Amino acid sequence: MKERINAKSIIVLAIALLTVVYFWLSGDLESRVLGGDLFPEPTENIGQGPSAQPTEKPSSSDKVTEKPSPSEQPTEKPSPNPTTRPRTLEVHFIDVGNGDSIFIRTPSKDILIDGGERNSKAFDYLISLGIDELDLVIGTHPHSDHIGGLVKVLENIRVKQLMDPGVVHTSKTYEDYLTLIYEKDILYTNVKAGVKLSLDNETSLEILHPTHIEGKDLNNVSVVTRLVYNKISFLFTADAEIVSEQEILAQGYNVASTILKAGHHGSSTSTGDDFLKAVNPKVVVISCGQDNSYGHPHQETLDKLEALDIDVYRTDELGSIIIETDGKNYIVKTER
Ligand SMILES: [Zn+2]
């Protein structure tokens, strides 16, 4: 009897041990233990100075990229099930026509950067994914093609925290946006370069711009963020122009990123040669409207990207663009 119990105990112990090893190997145990943490206090001045941030260039050897051709790209959307969070990270470049709206779903946080124009489909898109709460919203700068769509989002979706550069604008859209922040009692922070948010164990969001807002036009107060999920990184540049890109480089930030959202809808006033070289992206996403009056994206930008053999995805051609990653590899899905 005693021997039987011992044998049974050994089997139970072995199963438990195998389970632990399995979760450890899959990384799941770590996320179960450490997941769901709140935003820590922002760490100031991280990444200042070239020596503090050695440039890590994405090596091609550890990134096997599965990139279906446009014809075979599925139009599927991530399953809107708020109870089971995927271990993957998804970045949705929502097709909002003229403007930017980027929804980020990390293994533990839901974040929205900009909302397109007021009548954009950003809100409906979030609803279609079953999103009823956002951990963080970033209004990159007060132009209506970025914060306009945030008005409906703030009205209807619970937002825990909102960050923007703290630049006041006289438009009705900005007024409505600011009023809602106060009415809904949303934690509101004016961010500057140097803040780094640890979203969860494997994901961080670093603010690279602006260092200051005084004397700048609205495009060049844009909040620029770098999202890192293990070996895959994203750089969201809003409407920052070359002058801002130079400022970011001068601060010595590590900008190397797998995926770059081209600045200012692919305008030739953004994505300068130095910046593009430092970012060294595999993929560039351009968020712009069909037949827009600005001529975005500019041919100069497209030629530059083509010369460097960078994969370009445009919302005006492909609709919403979803990049899904497990932190090592990534796949690009498009709406059409
Ligand atoms: Zn814009």
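The following questions and answers cover a predicted model, its confidence, its strands and some of its residues.

Residues are numbered from 1 along each chain as its sequence is written. Because this is a predicted model, local features need pLDDT of at least 70 and side-chain atom pairs count only at pLDDT 80 or more, while totals for chains, interfaces and linings use all residues.

Student: What is the mean pLDDT of the protein chain?
Tutor: pLDDT is the predictor's confidence in each residue, from 0 to 100. In this chain, 75% of the residues reach 70 or more. The mean pLDDT of the chain is 83.

Student: Over residues 40–82, how many contacts beyond four places in sequence does the model have?
Tutor: Two residues are in contact if their C-beta atoms, placed from the backbone, lie within 7 Å. The pLDDT stays under 50 over residues 40–82. For that stretch, the number of contacts beyond four places in sequence is 69.

Student: How many bridges join strand 10 to strand 11?
Tutor: Two strands pair if DSSP finds at least two bridges between them. Strand 10 and strand 11 run antiparallel, and T203 stands opposite Y229 in strand 11. The number of bridges joining strand 10 to strand 11 is 6.

Student: Which residue in strand 10 is the bridge partner of K196?
Tutor: Strand 9 (residues 196–200) is joined to strand 10 by 4 bridges, and the two run antiparallel. They form a hairpin with 2 residues between them. The bridge partner of K196 in strand 10 is E206.

Student: Which residue is joined to H209 by a cis peptide bond?
Tutor: The omega of this bond is about 5°. The residue sits in the loop between strand 10 (203–209) and strand 11 (224–229). A cis peptide bond joins H209 to P210.

Student: What is omega for the cis peptide bond between H296 and P297?
Tutor: P297 lies in the loop between strand 14 (283–286) and helix 9 (299–307). The bond between H296 and P297 is cis, and its omega is about -5°.

Student: Is D309 buried or exposed?
Tutor: D309 is in the loop between helix 9 and strand 15 (311–314). Its phi is near 60°, a positive value in a residue other than glycine. With 7 other C-beta atoms within 10 Å, D309 is exposed.

Student: How far apart in space are V159 and D185, C-alpha to C-alpha?
Tutor: V159 lies in strand 6 (residues 158–159) and is buried, with 22 other C-beta atoms within 10 Å. V159 and D185 are 26 residues apart in sequence. In space, C-alpha to C-alpha, their separation is 9.4 Å.

Student: How many residues are in the largest nonpolar core?
Tutor: A nonpolar core is a set of buried Ala, Val, Leu, Ile, Met, Phe, Trp, Tyr and Cys residues joined through C-beta atoms within 7 Å. In the largest one, V137, V153, V285 and I321 touch the most other members. The number of residues in this core is 69.

Conventions: Buried ≥ 20, exposed ≤ 12 C-beta atoms within 10 Å, placed from the backbone.
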